[in-house]
Amino acid sequence: MKKILTTLLFSFITFLGFSQAAEVEMADTMRANGKIYVVVGIILIVLVGFILYLFALDRKISRLEKLVKK
Amino acid sequence: MKNLYKYIAVALLVYIHLGGLLLEAPRLNILNETVRALYFHVPMWFGMVLLYSISVYYAIKFLRNPLSDFDLKSVEYANVGTAFGILGILTGMLWANYTWGSPWHGDPKQNGAAIALLVYLAYFVLRGSVDNEEQKARLSAVYNIFAFAAMIPLIFIIPRLTDSMHPGNGGNPGFNAYDLDSRMRLIFYPAVIAWFLIGVWIVSLRVRYRLLQNQLSEN
């Protein structure tokens, strides 16, 4: 009895897991073959680029402030 | 130490971009993978509201004590806030195109946000149309309070009274209806902080630039 119950329970859990994965489509293929990291890499390059630009701008203004003070 | 918030903002940004793209997100119909857009679209609006709040704070400060520094800060916070709002509208339109079916759906929150942005654009028109510096500062400070008072109901109250497709609106109170599960909160809240700090950073650059400009034109 106990065996049957556990089997039923586990198959139910697997079924739940499967049905959810099957119903809602996500970018699972991209994650499976690792191409998602290409996207992440590209976005990070843009992000880091803009942040470096912002730091450069910050430094430029600081330098000008020093110059004006003199 | 003065630059600490910039490093915090950068660290949080890298974290939310990595986590926002790679960590588990809820599987929801219609939204599918686009649910992740929440990490990037909604912080634009939170950033805008926070920057506008600081702007109106300096507007009131200016009316109590007319120093040109307060006026300068008030304008620049409104300026960067508007940039955040425009990015919010654009990201929202792209998202709506694929989940609601068209970029402009006439959703009350979408319309309200657009009107709020127009109200703030009128603020810059008003500033541009007055020559006298003192008058410009005083008029625009008063208008800033009006614009803020119009923006809050347009974005936060009216969409809740009617039927909006934005989550948490159309009768649903508050934030929990945002169906943000705890995994999403882990990225969403740091994203709000990060983008707000980036906004403050850009404001500080603009203010310093304008102060330099003023100093140079005086000499």
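A residue counts as buried if 20 or more other C-beta atoms lie within 10 Å of its own, as exposed if 12 or fewer do, and as partly exposed in between. Keep that scale in mind for these views of a predicted model.

**View 1. B:Arg36 is a buried residue of the loop between α1 and α2 of chain B.**
Now move along the loop to B:Arg36. With 20 other C-beta atoms within 10 Å, B:Arg36 is buried. Which residues does B:Arg36 contact, leaving aside its neighbours within four places in sequence? They are B:Gly20, B:Leu21 and B:Ala25. Look also for B:Leu23: it is 13 residues from B:Arg36 in sequence, and the two C-alpha atoms are 9.9 Å apart.

**View 2. Helix α1 of chain B can be followed from B:Ile8.**
B:Ile8 belongs to helix α1 of chain B. It counts as partly exposed, because 14 C-beta neighbours lie inside 10 Å. Follow the chain for 11 residues to B:Gly19, and you will find its C-alpha atom 16 Å from that of B:Ile8.

**View 3. Helix α4 of chain B packs against two other helices.**
This helix runs over residues 108-129 and has 22 residues. From its first C-alpha to its last it reaches 31 Å, close to the 32 Å expected at 1.5 Å a residue. Among the buried residues of α4(B) are B:Pro108, B:Gly112, B:Ala116, B:Tyr120 and B:Tyr123. B:Lys109 and B:Gln110 are buried as well. Which elements do the buried residues of α4(B) pack against? Their partners are α3 (68-99) and α5 (133-161) of chain B.

**View 4. The largest nonpolar core has 52 residues.**
In soluble globular proteins, nonpolar side chains tend to be buried together. Here, B:Leu51, B:Tyr52 and B:Ala194 touch the most other members of the core. The elements giving two or more residues to this core are α1, α2, α3, α4, α5 and α6 of chain B. Which element supplies the largest share? It is α2(B), with 16 residues. Zoom in on B:Tyr52: setting aside neighbours within four places in sequence, it is in contact with B:Ala78, B:Gly81, B:Phe148 and B:Met151.

**View 5. Chain B is built from six helices and zero strands.**
Step back to see how the pieces fit together. Along the sequence, the pattern is α-α-α-α-α-α. The C-alpha atoms fill a box of roughly 60 × 40 × 25 Å along the principal axes. A compact globule of 219 residues would have a radius of gyration near 17 Å, and the 19 Å of chain B agrees with this. Of the 219 residues, 38% count as buried. Among contacts in chain B with a separation of 6 or more, 73% join residues 24 or more positions apart.

**View 6. Chain B meets chain A.**
How many residues does each chain bring to this contact? Chain B brings 18 and chain A brings 19. On the side of chain B that touches chain A, α1 and α6 (182-218) each supply at least two residues. The most come from α6(B), with seven residues. By class, this side of chain B has 11 nonpolar, four polar and three charged residues.

**View 7. Helix α3 of chain A lies largely in the open.**
The number of buried residues among the 34 of α3(A) is zero, so this helix lies largely in the open. It reaches 50 Å from its first C-alpha to its last, close to the 50 Å expected at 1.5 Å a residue. Confidence in chain A is highest in α3 (residues 36-69), at a mean pLDDT of 93, and lowest in α1 (residues 2-23), at 61. Chain A as a whole averages a pLDDT of 81, with 71% of the residues scoring at least 70. Where pLDDT is low, the predicted coordinates should not be read in detail.

Note on methods. Residues numbered from 1 in each chain as written. Chains lettered and ligands numbered in written order. Predicted model: local features only at pLDDT ≥ 70, side-chain atom pairs only at ≥ 80, totals over all residues. Helix = DSSP H or I, 4+ residues; strand = E, 2+ residues; numbered from the N terminus. Expected span 1.5 Å × (residues − 1). Contact = placed C-beta atoms within 7 Å. Rg over C-alpha atoms; globule rule 2.2 N^0.38 Å. Nonpolar A, V, L, I, M, F, W, Y, C, P; charged D, E, K, R; others polar. Core = buried A, V, L, I, M, F, W, Y, C linked by C-beta atoms within 7 Å. pLDDT = per-residue confidence, 0-100.
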